[in-house]
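Keep the structure open beside you as you read each solution.

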There are 2 protein chains.
Amino acid sequence: MKKMNVQEAQLTPLTYPFLSSSILARSYLFIYEKNEYVIRTGTQLDFLFFVLAGKARIINTEANGKNVILQFIQAEDLIGDLYVVNAEKHTKDVVAIGQLHCLAIPLPIVKQHLINDPLFLTFISTYIGQKLLKRMEHFSLAQTFELKYRLAELLITVAVDGYYSENNTQIADYLGTSYRHLMHTFKKLREQNYIKKQGRGYMIDEAKLIQLITAGSKLS
Amino acid sequence: MKKMNVQEAQLTPLTYPFLSSSILARSYLFIYEKNEYVIRTGTQLDFLFFVLAGKARIINTEANGKNVILQFIQAEDLIGDLYVVNAEKHTKDVVAIGQLHCLAIPLPIVKQHLINDPLFLTFISTYIGQKLLKRMEHFSLAQTFELKYRLAELLITVAVDGYYSENNTQIADYLGTSYRHLMHTFKKLREQNYIKKQGRGYMIDEAKLIQLITAGSKLS
DNA sequence: CCTCTAATGTGAGATATCTCCTAGTTACAT
DNA sequence: ATGTAACTAGGAGATATCTCACATTAGAGG
């Protein structure tokens, strides 16, 4: 992970009125490499992260040691927002998929300068509220779609530079399907040239996958 | 709908520090009867509602006139929270299932006294954040369960005094299944004495349904 | 470098669910 | 009171998905 001061990094100014130059002066740009941990389960959160670029996955380690993917993170998402507003108490693993760029604001700065700032509180309420609505809509639609459409969307979400290489036992759990059926569906997508096998993962044809998803939407 | 001043209603004090007696003096207790509208689609929200008792359903009217159930509301839920934090701009139908009791705070009061109050903003951020986590966990689990378990849980959620009488074409959409399969599953539950047909709806055996759900959880 | 575990990959039979259809009943509007 | 639309109910065939099993490969740890 590379750590830089915000000025050093010459960030494009963010359009957040609650982020004063004083706060930014004490914040950092973090750059994580592929598979690097942003947060480790059970550790204390030290920063509130604004994702500037890249992707990550959030993983919960269950009591039996099993790792379960909870969700994927994209640019313009926050990491640690639910912890900051006390909606959740325990941190979960957050792992970079490909390279991940974050603006990291130290928690003491958040607590001292932002946590009672109505501008910030309003922003984070709106953000979490919009996230809730998006998630509900996504799940509601997803539950009527057969697996190949949901897999197509996941491949687009998760691929970096057109290449997908997640752990498929975890992906099967995440999509709520059996490992067997997931593999069956990967094979179907290969046969229909939406994806190509490459090493342990797949190159994806994003444009064709988008067409498939669109076709699937029209069925309902 | 019955409308009372809060004092008139002699409400048990709510444990919300941001609700001063001055605010409560200008708020109301609303009591809606079964199938009464709390909010109508597209109308301007006039109150932020704290649900004290009862149940409701949130319905979105699609462009083609079709009504789709988005979610169900229980005691201790808020109605209008996502609108108040500007996460959503348009109101949707909210309809009482059985009798519904709400503390209703006028929007002008919310805007004048609460919307810049860090106590209130913190509360509503935490509330929406917890709601997001619950919803995500619920959907994640739900997608691996076959219909009879999900239907069992819905019956418990929705029944009033042990009686279920929702519109089943809308319930099929909500559960993401076909009308045919939903009816097939109702028949199975009847045959196994989890529910009994009564008029256009069903009496439910809540204890037995909970046993079924528990058994279903143990399969995964 | 070797060994062991976890991930990948596939076959085969069973089941949950879908699609298409028809018939009967109820509630609402005129 | 009547007619119509929407809801309830179920049959039958097809398909998406599950379950159980086994074989191969790759990666991690010693």
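**Exercise 1.** Which element gives the most residues to the surface near DNA strand C?

*Solution.* This is a predicted model, where local features need pLDDT of at least 70, side-chain atom pairs count only at pLDDT 80 or more, and totals for chains, interfaces and linings use all residues. Residues are numbered from 1 along each chain as written, chains are lettered from A and ligands numbered from 1 in written order, and side-chain values use heavy atoms, without hydrogens and water.

Step 1: A residue is near a strand if one of its heavy atoms lies within 4 Å of it. DNA strand C is surrounded by 18 residues, and among the closest are Arg180(A) and His181(B).

Step 2: Helices are DSSP runs (H or I, at least four residues), numbered from the N terminus. H8(A) gives the most, with 3 residues.

**Exercise 2.** Find side chains that make polar contacts (N or O atoms within 3.5 Å) with DNA strand C.

*Solution.* Step 1: Look at the phosphate oxygens. Asn167(A) places a polar side-chain atom 3.2 Å from one of them, and for Tyr202(A) the distance from a side-chain N or O atom is 3.4 Å.

Note on methods:
A polar contact is a pair of N or O atoms within 3.5 Å; within protein, one must be able to donate a hydrogen and the other to accept it, and residues adjacent in sequence count only if both atoms are side-chain atoms. Helices (H or I, at least four residues) and strands (E, at least two) are DSSP runs, numbered from the N terminus.
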